Amino acid sequence: MATKTGPYPLPSVGRPRPVRLPAVGDRTLPNGLRVLVARRPGIPRFEARLVVPIARADGGDGARMRVLTETVLSGTPRYSSKEIAEELQGMGGALGSYADAEQLIIGGSSLSLDRRPFLSLFGHVLREATFPPSEVAIERERIVQEIALLRAQPSVVANDALVGRLYGRHPYGRGTPEPESVARVQPAALRKLHAARVRPAGSLLVLAGDLEVDATMAAAAEAFGPWEAGGGQSDLPAPQITTPPSFLVVDRPGAVQTNVRLGGPALARTDPDYPALALAVTVYSGYFTSRLNDNIREQKGYTYGAHSRIEHRRMASQITVSADVGREVTAAALVEVFYELGRMVSLPVSQAELDAARRYVQGTLAMGIQTQSGLTSYLGSLVAAGLPVSYLREYPAALERVGVNDVLAAAHRYLGPSQLTTVLVGDAATVVPAVEPLGPVQVRSSL
Amino acid sequence: MPRRLPRPKLAIERFTLPNGLRVVLNPDRSAPVVGIAVYYDVGFRSEPEGRTGFAHLFEHLMFQGSVSLDKGEADRLIEGNGGMMNGSTHPDFTVYVSQLPSNALELGLYLEADRMRGARLTAENLRNQIDVVKEEINVNVNNRPYGGFPWIDLPPVMFTTFNNAHNGYGSFVDLEAATVEDAEDFFHRYYAPGNAVLAVAGDLEPAATRELIERHFGGIKSRRVPPLPDLHEPPPEGERRARKTDPLAPMPALAVAWRVPDPVGETDEFLATVILADVLAGGEASRLYQRLIKTDRLAADVGGSMGAFGDPFEMRDPTILQVLAWHPGVPADDVIGAVDDEIDKVAAGVGPDEVERVVASMVSGHFRQLDNVLQRAMVVGMFEQQRHHAELVNELPALVAAIGADRVAGAAERWLRGTGRAVLEVVPGGEG
């Protein structure tokens, strides 16, 4: 090339400056709502997350939860959905909700200038939701249409199939709800569900941004104090996780790629061995320079990327490995996925690999909580799961203590090919004959 | 009585090295993190015919090793020091980014300098990255519903010249035809220091950082800066319409697009169309959301944006305002009729309250982008690259607030009623 006279010497990297963690105000209101306020100035905004543990063991189907999620912010005796949207827009704000298998999460933000009217509106909309029939009718129809769209997406099909395999009939195994059930949900059922479950006990409100801690705590108490008491922590039982050894092939005729997904149980964040497992997963395929990504992307070109992560639900933690690979190389890619798993469980990682993964996890955590939205989400997920705020400090320190033998031991327990189950979403006519020699195959048509 | 909204006060320092590299610094020591963005003035609107997708493929090759480092080494150094990196190719630029703990600032600068010195362009790396890019296109386009809608499908309806109209991801035929010689020529032509902007934001001391930049980038020889591609073409006369069949799509969708003023040459009039886009389709309070979803129930979802990629300021002239709708069971023309009706109403006059709300939302969104140190480097770098004016990051809220409701209504009249447009329909079914 034009100026090739190198190599040029690498500069040295000094010690990182310590990360400053924000002071976090922490108070539980008389109605049971826990409120955290963290000051993170920098931009004149703030973020809010409200986590409500909505799932119960006695059922309540996914469809009702789903419609509630889409309509809980859509009207009160005082405001229509349009008026709510306009008020928020004028504050440079927003409110939106989503739900997983056990929690309703309402996220929002606004300019700091409008923190009081924002909190007041948020509290009002949440408490006084009326589920207007016209809004319920519109949103029901939109959800049915969205389900059609989700089911056309191979990544959603793959996730639904994977959680179904891991959790069976447990609520964690519910994927996308059935459109027929969604279409039947009535406003009265939503009001009942809202009255029983969208309640402060066991719920958590996190506010982070350019805020004064004490004044904001007072404003939050004023806005959410009137929230009628009730609710409580989710009582879902722990699921029995199953990892059938066969490959489940979900047929998408003609698909040019195969979505490879592996899943299995993982340790909870409270487990002393969790940091070692997190680093094992990182070395395996938790970041760009991980073993699997380097192998099947940078060496072989089978995929745009291989990823893995640990997800935490209240009663179970899960490892997921994912790669979307070219249809014709499905079997070849799977061999590498298993080869790299096999290396993880039978040979120690190098000290350099461990150090790199450790610095990556520590560094990306530190960077992630520098932003208002990152800090809010992270605090919300930690504390809602029962972890203390001090985890932000303790986790990086615990990572520091992990050695190569700890990583091997953790991998040995959780990353063996026999400890994970495999779902392949793709063109069965090509994929089944290709992977059959590698192990038993079960085929299902796409929904 | 419009409220006084907050204004950003980012510190901006700029200088140019003798080899032509333009540098902007945004020091902010509140967290021990730095963001680095290097913009090269080459995007897919610069690609020659027969080489669609080459700018993006080349971006991948720029991660395959550099003068001093083998393939993968730079990525290992960044991630192994607690950072992350990426690259992305846009219509009018290619940008390389990294975010690092500030103790690794010099390392990050060194890695970008080494990339600018030269890439390790080998047949093996080229083969590997052609395969990776094809799988990227499969993930994002071929194996999903509405893949490439509208960013790949709309330009050939809206525009007539190759530069503006072609598929920026590229055809598999063109990608397969790429050679190492093409890549060497491309590097030599477009990756000259004078064709780049380096933006660094975060925990840095300006004088010391300038010294580091001079040390690492100063030795890169100056090369001729290529002329900008000629993108000029007149707006469509009347309506250009096309249909695309999508076998994976569960419902019909459409995109309607209009040309808008030159973002750089006519900034105020352009900003009026940016506000207009949000009046029409910016969130749940917007005209089209309320009309199409809530009142008339013609659509399952609507959207709208300026430009092809979501950021209003990343494209040069010619660029667009686009409105999107997903409309199960409803004929496209019914949806378009309602869109036209709302445009007529806006053109007849829009309330100052409505515009004030939209402005508050835009200002808040602008600040939100500035929360993350890397995004801050990217915004500042993009404004410098596109306009030689990084300070727009501080000026934008006041400029937007000064536009006013009359000018927004006027923009609707001039740009959405007074000119032609493109309509793309996506129809479910068929064989792709």
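The structure is a predicted model, in which local features need pLDDT of at least 70 and side-chain atom pairs count only at pLDDT 80 or more, while totals for chains, interfaces and linings use all residues. Residues are numbered from 1 along each chain as its sequence is written, and chains are lettered from A and ligands numbered from 1 in the order in which they are written.

Chain A contains 16 helices and 12 strands; helices (H or I, at least four residues) and strands (E, at least two) are DSSP runs numbered from the N terminus. The radius of gyration of chain A is 24 Å, close to the 22 Å given by the globule rule for 447 residues, so chain A is as compact as a globular protein of that length. The radius is taken over C-alpha atoms, and the globule rule is 2.2 Å times the number of residues to the power 0.38. Along the principal axes, the C-alpha atoms of chain A fill a box of roughly 65 × 55 × 50 Å. Of the 447 residues of chain A, 51% count as buried. A residue is buried if 20 or more other C-beta atoms lie within 10 Å of its own, exposed if 12 or fewer, and partly exposed in between, with C-beta atoms placed from the backbone. Among the contacts in chain A with a separation of 6 or more, 80% join residues 24 or more positions apart; two residues are in contact if their C-beta atoms, placed from the backbone, lie within 7 Å.

Chain A is divided into domain 1 (24-224) and domain 2 (247-445), the bounds coming from an automatic or database domain assignment. The C-alpha centres of these two domains of chain A lie 29 Å apart. Their contact takes 27 residues from domain 1 of chain A and 24 residues from domain 2 of chain A. On the side of domain 1 of chain A that touches domain 2 of chain A, β1 (24-28), β2 (34-39), β3 (45-53), α5 (154-167) and β6 (204-209) of chain A each supply at least two residues, and α5(A) gives the most, with eight residues. By class, this side of domain 1 of chain A has 17 nonpolar, three polar and seven charged residues. Ala, Val, Leu, Ile, Met, Phe, Trp, Tyr, Cys and Pro count as nonpolar, Asp, Glu, Lys and Arg as charged, and the others, Gly among them, as polar.

Helix α3 (residues 115-127) of chain A has 13 residues, which at 1.5 Å a residue should span 18 Å, in agreement with the 18 Å between its end C-alpha atoms; the expected span is 1.5 Å times one less than the number of residues. The buried residues of α3(A), including A:Phe118, A:Leu119 and A:Phe122, pack against β3, α2, β4 (94-99), β5 and α8 (213-224) of chain A. In strand β8 (residues 257-266) of chain A lies A:Val260, which is buried, with 26 other C-beta atoms within 10 Å. The C-alpha atoms of A:Val260 and A:Val425 are separated by 6.8 Å, although these residues are 165 residues apart along the chain. Not counting residues up to four places away in sequence, A:Val260 touches A:Ser322, A:Ala323, A:Val325, A:Ala333, A:Leu334, A:Val337 and A:Leu424.

For chain B, the domain assignment gives domain 1 (13-217) and domain 2 (239-428). The C-alpha centres of domain 1 of chain B and domain 2 of chain B lie 27 Å apart, and the contact takes 35 residues from domain 1 of chain B and 33 residues from domain 2 of chain B. Strand β3(B) gives the most to the side of domain 1 of chain B that touches domain 2 of chain B, with six residues. That side of domain 1 of chain B has 23 nonpolar, six polar and six charged residues.

The contact between the chains takes 63 residues from chain A and 69 residues from chain B. On the side of chain A that touches chain B, α12(A) gives the most, with seven residues. The residues of that side of chain A divide into 28 nonpolar, 23 polar and 12 charged. The buried residues of α13(B) pack against β3, α2 and β5 of chain A together with α10 (267-281), α15 (392-401) and α16 (405-417) of chain B.
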